[in-house]
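Please keep the sequence and the structure in view while reading.

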Amino acid sequence: MKTHARVVVIGGGVVGVSTLYHLALKGWTDAVLLERAELTAGSTWHAAGLLPLFNMSYTVGQLHKYSVDLYKRLPAETGQDVSFHVTGNLRLATCRDRMDEYQKYCGTANTIGVPFQVIGPQQVRDLWPLVELGDGAGTPKIVGALYHPDDGHIAPADLTMALRKGARSRGAEIQEQCEVTAVKRTPSGEWHLTTNKGDIVAEHVVCATGNYARQTGRMFGLNVPSIPVEHQYIVYDESPELKAYRQGGGRELAVLRESDQSYYLREERMGWILGPYEAGAPARFADGVPDWFGKSLFEGDLERLLPHVEAAQRRVPSLANCGIKDIVNGPIAYTPDGSPLIGPAWGVRNLWLNEGHSFGITAAGGSGWQLAEWIVEGEPGIDMMAVDPRRYGPYTSKRYVVQKNEETYRNVFVIHFPDEERADARPAKTSPVYDKLARMGAVFGQRYGWERANWFAPPGVQAKDQWSFRRSNYFEHVGNEALRLRKHVGVIDLTPFTKHEVTGPGAESWLDGLVANKVPAKIGRIALCHALTRRGGIRSEFTITKIADQHFYVVSAGAAERYDSDYLQQSLPADGSVTLRNITMSRGCFVVAGPRSRDVLAKLVDAPLDNAAFPWLTSQVTEVGLATDVYLLRVNFVGALGWELHFPIEYAHHLFDSLFAAGAEFNIGMAGMRAMESLRLEKSYRMWGSDLTPDYSPYEAGLDRFVRLGKGPFIGKEALEKQLKAGVPHRFITFEVHGVTDADPLGNEPLFDRKGNIIGRATAGYFGHTLRKSLGLGYVKPEFAAVGGDIEIEILGERKRATVLVDSPYDPENADLRA
Ligand SMILES: Cc1cc2nc3c(=O)[nH]c(=O)nc-3n(C[C@H](O)[C@H](O)[C@H](O)COP(=O)(O)OP(=O)(O)OC[C@H]3O[C@@H](n4cnc5c(N)ncnc54)[C@H](O)[C@@H]3O)c2cc1C
């Protein structure tokens with residue numbers, strides 16, 4: 001075995017081997033994969049081999065599409081057959097919400113180019129003659145289905161061997177029976193790995209260890225939020241009816257998914273494989289995989305599967321005539337949101353994760369493709385935030401991960417409502433005023449472990465969401481919160497914001513090199529700044545305030561805490577001239593906004609708050625009521641006269657009570673995240689993570705005024721200069737959708753010209769309660785971005801006319817902000 005390599009991949013499952021293959025494909029052939037047993041010995045050998053293209057995530061959808069395309073070409077490239085049965089995939093629907101889900105998905109599929117068909121019951125029968133369409137009594141009636149003609153199932157071990165051939169033919173090395181048992185950092189910053197076959201030093205390490213992710217992580221000092229859950233499928237004997245159908249010339253049946261009954265069914269040697277996602281499947285190996293487990297399986301638990309078996313027998317009656325041959329019950333890696341962890345680890349350099357795969361056969365190709373791109377090029381080619389390991393933070397305790405993973409597993413087939421908020425492992429992280437908000441009727445959601453009030457149920461209204469793809473029970477109440485803020489004054493608790501303090505003699509020039517805008521030079525000034533990728537895409541959004549000489553306060557999205565913190569930390573200059581402190585937990589934040597916000601604050605602040613003394617986009621460090629050291633920032637994300645109060649966390653109750661006491665005469669009230677969404681859309685404020693992503697540059701996003709090409713070097717500058725010369729490929733637009741009665745755009749819908757050609761995609765949408773318009777934000781080809789232009793959008797399968805509006809259709813002159 002080599003003693004030195006540029007990159008070592010730990011783990012020889014399909015994911016590790018795909019990573020090795022893609023690294024070699026990109027020219028990194030000084031690459032070694034270490035596998036403790038033999039290739040596929042983890043979860044890969046017993047996977048059912050399904051390759052579902054269906055995924056609600058724009059990112060994961062692209063990864064899966066890449067995989068399916070790759071697996072089709074691999075046999076020709078490597079000479080190794082992979083037994084890819086392109087049977088198609090049929091997902092049944094037995095209710096309108098399910099059809100809405102499929103239609104919502106179709107928007108995503110359209111924008112990433114995945115072929116699909118939405119079909120009716122008769123076509124289901126034509127494709128799948130052995131199915132019962134249902135009578136609405138014992139067996140729910142099929143109302144429609146989503147059909148993917150391009151996917152099917154594959155032999156996971158053959159696939160792994162094909163990838164292995166592809167990697168080895170390019171010079172990469174694979175070592176089996178080689179377990180990594182210890183890790184340390186060399187003085188030069190490389191990784192020194194100890195194995196039973198000797199030591200190896202590598203510049204980069206990729207962990208692709210499946211069910212072992214936690215113990216591998218521990219070797220590197222990381223708490224990796226991946227814990228496996230039991231997953232079972234039943235293998236049936238031959239089915240006489242299926243055999244007769246096939247012998248009569250019938251083609252292999254599509255993989256069938258009855259989502260509303262939470263199972264999949266596919267052919268296997270004239271019999272069936274039935275795979276339920278059942279309630280009660282336990283998480284396993286939370287402290288690591290024991291030595292004895294190796295290639296074993298758990299004992300099957302038929303009892304747990306029975307409700308799904310019975311449902312499947314009602315849908316496919318001939319199933320009842322088949323005997324059960326075997327039950328396969330294996331560990332399947334999970335993460336709290338069900339998406340894998342692909343990308344850099346945090347807190348260390350040159351350590352990469354490709355872990356937490358629950359659809360790893362499907363995702364292996366795409367995850368290897370993008371991870372290799374990231375390692376070799378320094379950046380992935382597409383927006384990977386949805387799978388970036390740094391989307392999680394230190395809140396992922398063992399119990400949290402166990403509870404969330406079990407919940408995610410049993411919910412694999414539930415309807416993925418856009419406003420769904422799952423209940424387990426909550427509340428965990430709360431703002432100090434959580435109980436007060438709850439008493440005010442707050443209906444909470446969870447983001448990055450934080451409880452955030454989505455809306456407030458007024459007295460007499462049940463504080464509970466009815467999830468939907470359409471306007472739902474909270475629509476009117478959200479509207480009232482938004483309108484109160486436009487007409488009177490509202491408070492939003494934004495304590496979860498990520499907050500960093502940057503100090504030291506090098507602070508200003510360091511920050512300036514990280515972002516495209518000019519960092520504020522004057523004490524008290526605030527600037528909206530974007531950190532870019534080297535390709536010129538938007539990586540992060542920071543609101544930077546100069547608090548004092550050599551002292552900056554940097555605020556970013558709450559969900560970006562580890563993502564931003566890690567980036568800032570890793571970018572620090574080595575000369576010690578900058579000190580970075582993550583102060584997220586020590587400061588709270590309330591937004592006080594609306595035409596009467598000045599009157600409210602004036603009762604609590606001695607300093608004058610008029611425009612001359614306290615203009616828009618400035619800040620002051622002041623006392624508010626009894627609270628000291630409050631950063632008062634005259635900015636907000638709702639487009640109103642208003643301030644953000646960033647205060648030492650111990651004053652949260654005092655400030656909250658004081659604001660409400662001072663605001664009583666002005667009709668003060670709380671507003672939640674959904675009201676904020678409505679308000680910010682009316683102002684065309686771009687949201688990091690949905691409207692602002694690495695896929696688009698600040699020029700495409702229409703943020704030209706926050707880019708200072710003349711100021712000196714910053715990351716992404718060259719790419720922007722190139723783009724300016726070549727012309728931007730997209731333009732950001734705000735649009736009004738006509739004829740909406742109950743389903744506003746939500747993001748990820750395709751946008752069309754009047755001839756029906758796709759011209760872009762929506763990134764966000766909702767109802768603007770002040771404008772009384774259904775609004776969307778998105779990117780289109782530049783020729784369609786002119787104000788007044790007619791475009792179309794598809795919402796839940798219906799084409800709607802839409803008109804491009806001016807940027808900031810509510811108060812384009814910012815008169816409210818400057819009032
Ligand atoms: C019953 C069942 C059915 C499934 N069906 C499907 C399906 O139909 N479609 C689908 O897409 N997915 C399916 N999956 C999921 C799929 O099996 C996994 O997502 C996939 O196999 C994960 O691959 P991996 O390479 O990440 O992990 P693994 O295959 O588990 O590989 C990890 C490897 O790392 C090695 N390793 C660990 N620690 C070390 C160390 N310290 N040193 C060296 N080597 C180490 C292990 O030995 C192992 O071989 C199924 C899972 C189960 C349990």
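The model discussed here is a predicted one. Because its relative accessibility is 27%, arginine 36 falls into the partly exposed class. Glutamate 179 is likewise partly exposed, since its relative accessible area is 33%.

These two residues are partners: a salt bridge joins the side chains of arginine 36 and glutamate 179, with 3.7 Å from N to O. The pair connects distant parts of the chain, 143 residues apart. Arginine 36 belongs to the loop between β2 and α2, whereas glutamate 179 belongs to the loop between β6 (173-175) and β7 (180-185).

## Other salt bridges

Side chains of opposite charge can pair when their charged atoms come close. The count of salt bridges in this model comes to 56. One of them brings together the side chains of glutamate 268 and arginine 266, at 2.8 Å from N to O. Are these two partners buried or partly exposed? Glutamate 268 is partly exposed, because its relative accessibility is 23%. Arginine 266 has a relative accessibility of 6% and therefore counts as buried.

A further salt bridge is formed by arginine 680 and aspartate 691, whose closest N and O atoms are 2.5 Å apart. This pair, too, links distant parts of the chain: arginine 680 is in helix α17 (residues 673-682), and aspartate 691 is in the loop between α17 and α18 (717-726), 11 residues apart. Both arginine 680 and aspartate 691 are buried. Elsewhere, shared partners connect salt bridges into one network made up of Arg754, Asp790, Glu792, Glu794, Arg799 and Arg801.

## Helix α1

Helix α1 comprises 12 residues, numbered 14-25. From its first C-alpha to its last it reaches 16 Å, which is close to the 16 Å expected at 1.5 Å a residue. The helix is mostly covered, with 11 of its 12 residues buried. Among the buried residues of α1 are Val14, Gly16, Ser18, Tyr21 and His22. After α1 comes glycine 27, which has a positive phi near 100°.

## The ligand and its surroundings

Which residues come nearest to the ligand? Of the 37 residues around the ligand, the nearest are Glu35, Thr44, Leu50, His357 and Thr362.

A polar backbone atom of valine 15 is 3.0 Å from an oxygen atom of the ligand. A polar backbone atom of alanine 48 is 3.0 Å from a nitrogen atom of the ligand. For histidine 357, a backbone N or O atom lies 2.8 Å from a ligand oxygen atom. On its own the ligand has 1000 Å² of accessible area, and the protein covers 97% of it. The elements that contribute two or more residues to the shell are α1, β10 (227-236), β14 (324-334) and α9 (360-377).

Most residues other than glycine have a negative phi, and most peptide bonds are trans. Threonine 40 is not a glycine, yet its phi is positive, near 75°. Threonine 40 is located in the loop between β2 (31-34) and α2 (58-78). With a relative accessible area of 6%, threonine 40 is therefore classed as buried.

Serine 808, also not a glycine, has a positive phi of about 60°. The position of serine 808 is in the segment after β35 (798-805). Serine 808 counts as buried because its relative accessibility is 8%. The peptide bond from arginine 426 to proline 427 is cis, with omega near -10°. Proline 427 is part of the loop between α10 (398-410) and α11 (434-439).

## An exposed lysine

Lysine 487 is located in helix α12 (residues 475-487). Is lysine 487 buried or exposed? Its relative accessible area is 56%, so lysine 487 is exposed. Between lysine 487 and proline 615 there are 21 Å in space, C-alpha to C-alpha, and the two are 128 residues apart in sequence.

Methods. Residues are numbered from 1 along each chain as its sequence is written. This is a predicted model: local features need pLDDT of at least 70, side-chain atom pairs count only at pLDDT 80 or more; totals for chains, interfaces and linings use all residues. Side-chain values use heavy atoms; hydrogens and water are left out. Helices (H or I, at least four residues) and strands (E, at least two) are DSSP runs, numbered from the N terminus. The expected span of a helix is 1.5 Å times one less than its number of residues. Buried means under 20% relative accessible area, exposed over 50%, partly exposed in between (1.4 Å probe, protein chains only). A residue is near a molecule or strand if one of its heavy atoms lies within 4 Å of it. A polar contact is a pair of N or O atoms within 3.5 Å; within protein, one must be able to donate a hydrogen and the other to accept it, and residues adjacent in sequence count only if both atoms are side-chain atoms. Accessible areas come from the Shrake-Rupley method with a 1.4 Å probe; for residues, only the protein chains shown count as cover. A salt bridge is a side-chain nitrogen of Lys or Arg within 4 Å of a carboxyl oxygen of Asp or Glu.
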